[in-house]
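This report goes through a structure one topic at a time. The sequence and coordinates come first.

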Amino acid sequence: MQSGISWLQSGIRFDVLGVTLWLVVLVIQDVRHRLLSHWLTTVPLIGMVVIAVATAMINWLEGGWSPFVADPVALILAFVAVLASDTWAALVPAVNALVLAWWQGTPAGQVAVTGWLVALALAKAGIWGEGDAKVLMILFALYPDVRLAIAITTAIIVVGLVMLVRRLGGAFPFLLLITLRDGLAGRFPSRTGEAGVVVTGLMPTIAAGALVYVWGLYLLGG
Amino acid sequence: MKFLRGVRATASLEWLVVAVVIVAVIGAILLGVFDAVRDKLAAIRDSL
C-alpha cells in the first residue's frame, strides 16, 4: 500500500492570499485590457504540467502504477491535447486522458482532467477566451474539487442571466434558444466568426466563483 | 499551439450560458449512468 504524493487530492495548495492576489491582478488586467498576461496564465499552466511530470515519476518510483500515478499522467495527456489542439488529432490524447482518469484515477484527477478538457473545448469553440480557459485550468489543477466547478458555474449562470436580462429584457430566452439551435447545428462562434450578442470580460465572474470556493474552504475548513 | 499563445479574456455570454447548461445536463446524465452501472457491477460482484 503506497501513499504516494497526492498533489491532486490534498493539493499543492498555494497560500489562499496568493491565489486571491493572483485573481485580483487577473481581474484588473481583464477590466483594463480584456487580455491576460502569459506570465499569469501560460507560465503557471506549464508549471502545473512540470509538477505533474515530477509527481508521476516520484509516485511511480515509490510504488509502481497506482491512481496517484494515473492522475498526473492523465493530466499530462490533457496537456498533450492542448498542444495538439490546432487539429482534430487532439481528440486522441483527450479521449485517452478521460479514459485513464475515469478508469484508474482518483475523483480529484477526474475533476481536474474533465475541467481542463471542458475549458479547452469551450475556448476552441470560440465561446470564451484562451486566457480565461488557462485560468480555469490552473484553478482545477490547484483545487480539483467538484465544488469549485459548482461555484464557478453558478457564478457564470447568475451573472450571465443578469446581464442577458439587462441587455435583452424578456427576449433573452429567445436568444438562448437561437444559440442552442446554432450549437446543435455546429455553428459555433469559432466557425461562423460571429462574436456573439452579449460579449464581456469573464475574469471577474470566474474570480468571484473561485474566491467564494477558496475562502469558503479556508474559513469553513472544508 | 494557438491556444497557448492566446491571451483573450472575453466570452460570448449567451453561448456560455447555453454551453454551461448543456455541459451540466450531459454531465448529470453521464454521472447517473456511471453510478447505475457501478451499482449494477457491485451487485454482480457481491452475488459471485
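## Model and confidence

The structure is a predicted model. For the complex, the predictor gives a pTM of 0.87 and an ipTM of 0.82.

Chain B has a mean pLDDT of 87, and 100% of its residues reach 70 or more. Within chain B, the highest mean pLDDT of any element belongs to H1(B), at 91, and the lowest to H2(B), at 86.

## Overall fold of chain A

Chain A contains 11 helices and 1 strand. Read from the N terminus, the order of elements is α-α-α-α-α-α-α-α-α-α-β-α.

Along the principal axes, the C-alpha atoms of chain A fill a box of roughly 60 × 40 × 30 Å. Of the 222 residues in chain A, 45% are buried. Among contacts in chain A with a separation of 6 or more, 68% are between residues 24 or more positions apart.

## Nonpolar core

The largest nonpolar core comprises 76 residues. The residues with the most contacts inside this core are Ala74(A), Ala78(A), Ala97(A), Val113(A), Phe140(A) and Ala210(A). Helix H4 of chain A, residues 67-83, gives the most to the core, with 11 residues.

Phe140(A) shows what such a position touches. Leaving aside neighbours within four places in sequence, Phe140(A) is in contact with Val111(A), Ala112(A), Gly115(A), Trp116(A) and Leu148(A).

## Contact between the chains

How many residues does each chain bring to the contact? Chain A brings 45 residues and chain B brings 21. On the side of chain B that touches chain A, helix H1 (2-5), strand E1 (10-12) and helix H2 (13-47) each supply at least two residues. H2(B) has the largest share of that side, with 10 residues. By class, the side of chain B that touches chain A has 15 nonpolar, 3 polar and 3 charged residues.

The chains are also joined strand to strand. Strand E1 of chain A, residues 199-201, is linked to E1(B) by 3 bridges, and the two strands run antiparallel. In this pairing, Thr200(A) stands opposite Ala11(B).

Is Asp71(A) buried or exposed? Asp71(A) has 31 other C-beta atoms within 10 Å, and the cut-off for a buried residue is 20 or more, so Asp71(A) counts as buried.

Asp71(A) and Trp102(A) are separated by 31 residues in sequence. Their C-alpha atoms are 9.3 Å apart in space.

## Arg34(A): a positive phi

Where is Arg34(A) found? Arg34(A) is in the loop between helix H2 (16-33) and helix H3 (42-63) of chain A. The phi of Arg34(A) is near 60°, which is a positive value in a residue other than glycine. Most residues other than glycine have a negative phi.

Arg34(A) has 18 C-beta neighbours inside 10 Å. A residue is buried at 20 or more and exposed at 12 or fewer, so Arg34(A), with its 18, counts as partly exposed.

Technical notes
Residues numbered from 1 in each chain as written. Chains lettered and ligands numbered in written order. Predicted model: local features only at pLDDT ≥ 70, side-chain atom pairs only at ≥ 80, totals over all residues. Helix = DSSP H or I, 4+ residues; strand = E, 2+ residues; numbered from the N terminus. Contact = placed C-beta atoms within 7 Å. Core = buried A, V, L, I, M, F, W, Y, C linked by C-beta atoms within 7 Å. Nonpolar A, V, L, I, M, F, W, Y, C, P; charged D, E, K, R; others polar. Pairing = 2+ DSSP bridges. pLDDT = per-residue confidence, 0-100.
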